[in-house]
Amino acid sequence: MNQSQPKNPAETYEHYFVPAMFLPWATILLRHAAPQSRERVLDVACGTGIVARQAAPSVGTDGQVAALDMNPAMLAVARALPAPSGATINWQEGNAMALPFPDGAFDVVLCQHGLQFVPDRIGAVREMRRVLASGGRALIIVLQALTRHPVFEALMESVAGHLSLPVSAVMTPFALSDADELRTVFTAAGFKKVDILPESTTVRFPEPEHFVPLAVISSAAAVPAFAKLQAPARAALLEAVRVEVEPVVRRYRDAEAVTFPMFAYIVVATA
Ligand SMILES: C[S@@+](CC[C@H](N)C(=O)[O-])C[C@H]1O[C@@H](n2cnc3c(N)ncnc32)[C@H](O)[C@@H]1O
């Protein structure tokens, strides 16, 4: 990486993946959510806070923004970034399955690429509904099927193969990609009106030589078989994956960047 070398996975996430991928999705999510002046917004599984930072200017200084994540390293990066204009963001460590907020505390609950990772999804969505005021809205965004994302499909198949795991063990970001399942989760959690909207964007990863190793490290970090690899074995795996996925990545790569379309569903649910 260049002069602003990230030091840990949360910093790599913020420096590399947020501008390339999570900012474009946040822009789309916020367009649907359209937070208004004085509204109270909660960003669940906020990571380094891109959604919360995008929402703060819209609700203004009379509004409120809370942002919750279970990973203190992500929150540390979030807190260290320059504050946006508008509402002061209340960064909070906690679990989406047990939100540390009273009933009816928010007008808008947002969750960007987070619900896939939560073991009890219905429980987490029930919590979103509990903290929404009557008539409030929840908007969550999750990726569509892995098969719609050939670069990530090649990456995840390769990683799984080298770890002797099924692809399902490494594809959590794509694990909630079925629109019917999404509707069932939100209905079971008590939301009456649930709309599921397909969306797409183009993501652009600069410094293309870094794309494969950073994507593998970030997506496989939570996979125990990967996490426990010693440095030489990890380096060997990264190189093997790089060679294996090169024919697919080449289709989307030029000297400047790896660029490809991505597809997601936005769930808009009214309490
Ligand atoms: C792919 S990141 C998305 C972060 C952020 N929403 C964004 O768009 O950049 C997924 C985040 O979900 C968080 N997460 C996973 N399970 C969680 C849970 N049960 N409660 C709270 N946060 C959770 C992780 O710590 C991680 O920061």
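# Reading contacts, burial and packing

Q: Which residues does Pro-213 touch, not counting residues up to four places away in sequence?
A: Pro-213 touches Leu-238 and Arg-242, once residues up to four places away in sequence are left out. Two residues are in contact if their C-beta atoms, placed from the backbone, lie within 7 Å. Pro-213 itself sits in helix H7. Helices (H or I, at least four residues) and strands (E, at least two) are DSSP runs, numbered from the N terminus.

Q: What kind of model is this, and how are residues numbered?
A: It is a predicted model: local features need pLDDT of at least 70, side-chain atom pairs count only at pLDDT 80 or more, and totals for chains, interfaces and linings use all residues. Residues are numbered from 1 along each chain as its sequence is written.

Q: Is Pro-213 buried, exposed or partly exposed?
A: Count the neighbours. A residue is buried if 20 or more other C-beta atoms, placed from the backbone, lie within 10 Å of its own, exposed if 12 or fewer, and partly exposed in between. Pro-213 has 16 other C-beta atoms within 10 Å, so it is partly exposed.

Q: Why does Cys-46 count as buried?
A: Cys-46 has 27 C-beta neighbours inside 10 Å, so it counts as buried. Cys-46 lies in the loop between S1 and H2. Leaving out residues up to four places away in sequence, Cys-46 touches Val-51, Ala-52, Ala-67, Leu-68, Asp-69 and Ala-78.

Q: How far is Cys-46 from His-210, in sequence and in space?
A: Cys-46 and His-210 are 164 residues apart in sequence, and 24 Å apart from C-alpha to C-alpha. Now try another pair. Leu-81 and Thr-48 are 33 residues apart along the chain, and their C-alpha atoms are separated by 8.7 Å. Leu-81 is in the loop between helix H3 (72–80) and strand S3 (89–93).

Q: Which residues other than glycine have a positive phi?
A: Ala-34 is one of them, with phi near 40°. Glu-207 is another, with phi near 45°. Ala-34 lies in the loop between H1 and strand S1 (40–44). Ala-34 has 11 other C-beta atoms within 10 Å, so it is exposed. Glu-207 is in the loop between strand S6 (193–206) and helix H7 (208–220). Glu-207 is partly exposed, because 14 other C-beta atoms lie within 10 Å.

Q: Which residues touch the most other members of the largest nonpolar core?
A: Start with the general idea. In soluble globular proteins, nonpolar side chains tend to be buried together. A nonpolar core is a set of buried Ala, Val, Leu, Ile, Met, Phe, Trp, Tyr and Cys residues joined through C-beta atoms within 7 Å. Here the largest core has 83 residues, and Leu-29, Val-44, Ala-55, Val-65, Val-109, Leu-110 and Leu-155 touch the most other members. H1 gives the largest share of this core, ten residues. Beyond four places in sequence, Ala-55 touches Leu-30, Pro-35, Val-41, Asp-43, Val-65 and Leu-110.

Q: How do H5 and H9 cross?
A: Two packed helices are described by the angle between their axes and the distance between the axes. Axes are lines fitted to C-alpha atoms, for helices over the stretch in contact, and angles run from 0 to 180 degrees between N-to-C directions. The axes of helix H5 (residues 150–162) and helix H9 (residues 231–250) come within 9 Å and cross at roughly 150°. The contact of H5 with H9 has eleven nonpolar, two polar and one charged residues. Ala, Val, Leu, Ile, Met, Phe, Trp, Tyr, Cys and Pro count as nonpolar, Asp, Glu, Lys and Arg as charged, and the others, Gly among them, as polar.

Q: At what angle do H5 and H7 pack, and which residues meet?
A: H5 and H7 pack at about 65°, with their axes 11 Å apart. Leu-155, Met-156 and Val-159 in H5 meet Val-212, Ala-215, Val-216, Ser-219 and Ala-220 in H7. By class, the contact of H5 with H7 has seven nonpolar, one polar and no charged residues.

Q: Which residues come nearest to the ligand?
A: A residue is near a molecule if its C-beta atom, placed from the backbone, lies within 6 Å of it. There are 19 residues around the ligand, and Ala-45, Gly-47, Asn-71, Ala-96 and Phe-117 come nearest. Helix H1 (9–33) and helix H2 (50–59) are the elements that give two or more residues to this shell. The shell has twelve nonpolar, six polar and one charged residues.
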